[in-house]
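I opened the notebook with the sequence and the model side by side. These entries record what I looked up, in the order I went.

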Amino acid sequence: MHREPPLPVPRRSRVRGYICALAATALVTVTAATRPPEPDTRTTADPAAVVREWNALTIDTIKTSLGPRPSGQVAIWQGFVSVAVYNAVVGIEGGYALYKWRERGPARASSAAAAATAAHDVLLAYFPAFKERLDTAYADSLAALPDGQARDRGVHYGRRAAARLVELREGDGRFADVPFTASPAPGVWRPTPPAFQPFIDTWLARLRPLLLTSPQQFRPDGPPALTSAAYAEDIQELKVMGAKSGSGRSAQQTETALFFSGNLVEQVQTAVRDHAARHRLGIAETARLFAAVNASATDAVVTAWDAKLHYASWRPITAIRLADTDGNPATTADPAWEPLLPTPPHPDHIAGHTTVTAAVVRALTGVLGTSRIDLRVPSEVTGTTRFYGSADDLNRDVVDARVWGGVHSRTADVAGCRAGTRVAAWALDHYFQPVAEDGTRQSPPKRTARQDGLSEPECGGGTGGR
């Protein structure tokens, strides 16, 4: 199961990596031929660009491969690539503990070459149909680096980092046959109109996490009882605020629902790339930020799918249309009700969007040491960009968006938000931690929740009209 603790890697005094750019050129084959020694001093405009550029290429590859699947798979692959790149960079640059690996990089190796190689090789292992595109981008990354031993050493170490990740993920449950066996009954999920698709990618519920000890480690409590007042309150809010037509939403609330209706993981990657570039994070810091964010998002998806499979709670469109079967006198059926957004083909509790968002922002606040996340989040759906300075503001908007879109109950959204926060908080207590110059783990500075806002998030537990 590869459970050995991460090996601390002390920071070294060394030359940093080099900038790479992505373009279309022929593949360059790098060998370990004898070459003159490299000069001791090198300059570069932005050594972290290689991490950002391969992050963009990774999300593009995943998106193109999966198409418009309403699944959490995107986060899984992004997490795999990010931790491999993290190991490839940190094993050379030092400063942080390696992820489930004990092999440090060679002295005076190019961490930029290592990062590009690790990303390329992991993507090629899982998306072999994209070989030509990946090889072309990789050739250009290497061509942007000075030819020599530093580049060669980085390439060889990056290959080992990728191979280590692939080895760690062997037999992890990907694409396993995980049947959904719950019979239709009041409160139980069943395929929803208009496509009536089966529960998609049930294997995500049993996937071995990247960081957590098991998929159910942070499984939240279940949805409220059908006969409860809390359940009736959820249904009433959805009927009014989540309806496709005749809703109580304002124009701004509708825009919020649409803004977060696309590929959430892509939105996150774009925002984090922008943040890292604007704040001029170094290559090790950038690699760490993406690893913390994306590994936490991976395990947030596993946590969400575990709860979906375990609780199997019906979606709002089913609950509202069949409200006359729920045994709750405070709910009334509307057989013609439709949500603003198409309903994804998996159960309501817990919401994947809010679980992943909360994990992302908790990883960000943990790495940055502040709740001020400074994110510019774009949306392909609305063609607009929103600025989020506060983690709580982003969490609240995503919680509200899924209610106003008519696809999740507020209870499922809030439970997801809190579960995702716990996933990332635990992850950062155990992985991606700084190490001191002597190789010992540094103790994080002591701060109160009031000072840094890293306590339980404000997940939008109220109803209605924000």
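**Entry 1: Helix H12 and its cover**

The buried residues of H12 are covered by elements including helix H6 (229-241), helix H7 (251-259), H11, E1, strand E2 (384-390) and helix H13 (410-430). I note here that this is a predicted model.

Next I counted burial along H12. Of its 14 residues, 12 are buried, and the helix is mostly covered. I listed the buried ones: Ala 391, Asp 392, Leu 394, Asn 395, Arg 396, Val 398, Val 399, Asp 400, Ala 401, Arg 402, Val 403 and Trp 404.

I then checked the length of H12. The helix runs over residues 391-404, and at 1.5 Å a residue its 14 residues should span 20 Å.

**Entry 2: Helix H1**

Helix H1 covers residues 49-66, 18 residues in total. From first C-alpha to last it reaches 26 Å, close to the 26 Å expected at 1.5 Å a residue.

Which residues of H1 are buried? I found Ala 49, Val 50, Val 51, Arg 52, Trp 54, Asn 55, Leu 57, Thr 58, Ile 59, Thr 61, Ile 62 and Leu 66. Their cover includes H2, helix H3 (111-126), helix H4 (131-143), H8 and H9. Just after H1, I saw that Gly 67 takes a positive phi of about 70°.

**Entry 3: Overall numbers**

I stepped back to the whole protein. I recorded 14 helices and two strands. Of the 466 residues, 58% are buried. I also looked at contacts between residues at least 6 apart in sequence, and 83% of them join residues at least 24 apart.

**Entry 4: Nonpolar cores**

The largest nonpolar core has 112 residues. Inside it, Val 51, Trp 54, Tyr 99 and Phe 432 have the most contacts. H9 supplies the largest share of this core, 17 residues. I also found a second, separate core of 16 residues, which includes Met 241, Ala 243, Trp 337 and Val 403.

**Entry 5: Leu 289**

Is Leu 289 buried or exposed? Its relative accessibility is 1%, so Leu 289 counts as buried; the cut-off is under 20%.

I listed its partners, leaving out residues up to four places away in sequence. Leu 289 touches Val 272, His 275, Leu 281, Leu 364 and Val 367.

**Entry 6: The largest pocket**

The largest pocket has a volume of about 990 Å³. I found 42 residues in its lining, and the closest to its centre are Arg 69, Pro 70, Ser 261, Gly 262 and His 353.

I sorted the lining by element. Helix H2 (73-93), helix H8 (264-278), helix H9 (283-311), helix H11 (352-368) and strand E1 (372-379) each supply at least two residues. H8 gives the most, with five residues. By class, I counted 19 nonpolar, 16 polar and seven charged residues in the lining.

**Entry 7: Cis peptide bonds**

I looked up the peptide bonds next. Pro 193 and Pro 194 are joined by a cis peptide bond, with omega about 5°. Pro 194 sits in the loop between helix H5 (149-168) and H6. His 349 and Ile 350 are also joined by a cis peptide bond, with omega about 10°. Ile 350 is in the loop between helix H10 (316-321) and H11.

Asp 374 is not a glycine, yet its phi is positive, about 50°. This residue lies in strand E1. Asp 374 counts as buried because its relative accessibility is 18%, and the cut-off is under 20%.

Phe 432 came up again here. Its phi is near 60°, a positive value in a residue other than glycine. I placed Phe 432 in the loop between H13 and helix H14 (449-452). With a relative accessible area of 2%, Phe 432 is buried.

Key:
Residues numbered from 1 in each chain as written. Predicted model: local features only at pLDDT ≥ 70, side-chain atom pairs only at ≥ 80, totals over all residues. Heavy atoms only, no water. 1 Å grid on protein atoms, 1.4 Å probe; cavity = no way out; pocket = protein on both sides within 12 Å on 5 of 7 lines; lining within 4 Å. Points joined across faces, edges and corners; volume = space filled by probe spheres on them. Helix = DSSP H or I, 4+ residues; strand = E, 2+ residues; numbered from the N terminus. Nonpolar A, V, L, I, M, F, W, Y, C, P; charged D, E, K, R; others polar. Core = buried A, V, L, I, M, F, W, Y, C linked by side-chain atoms within 4.5 Å. Buried < 20%, exposed > 50% of the residue type's maximum accessible area, 1.4 Å probe, protein only. Expected span 1.5 Å × (residues − 1). Contact = heavy atoms within 4.5 Å.
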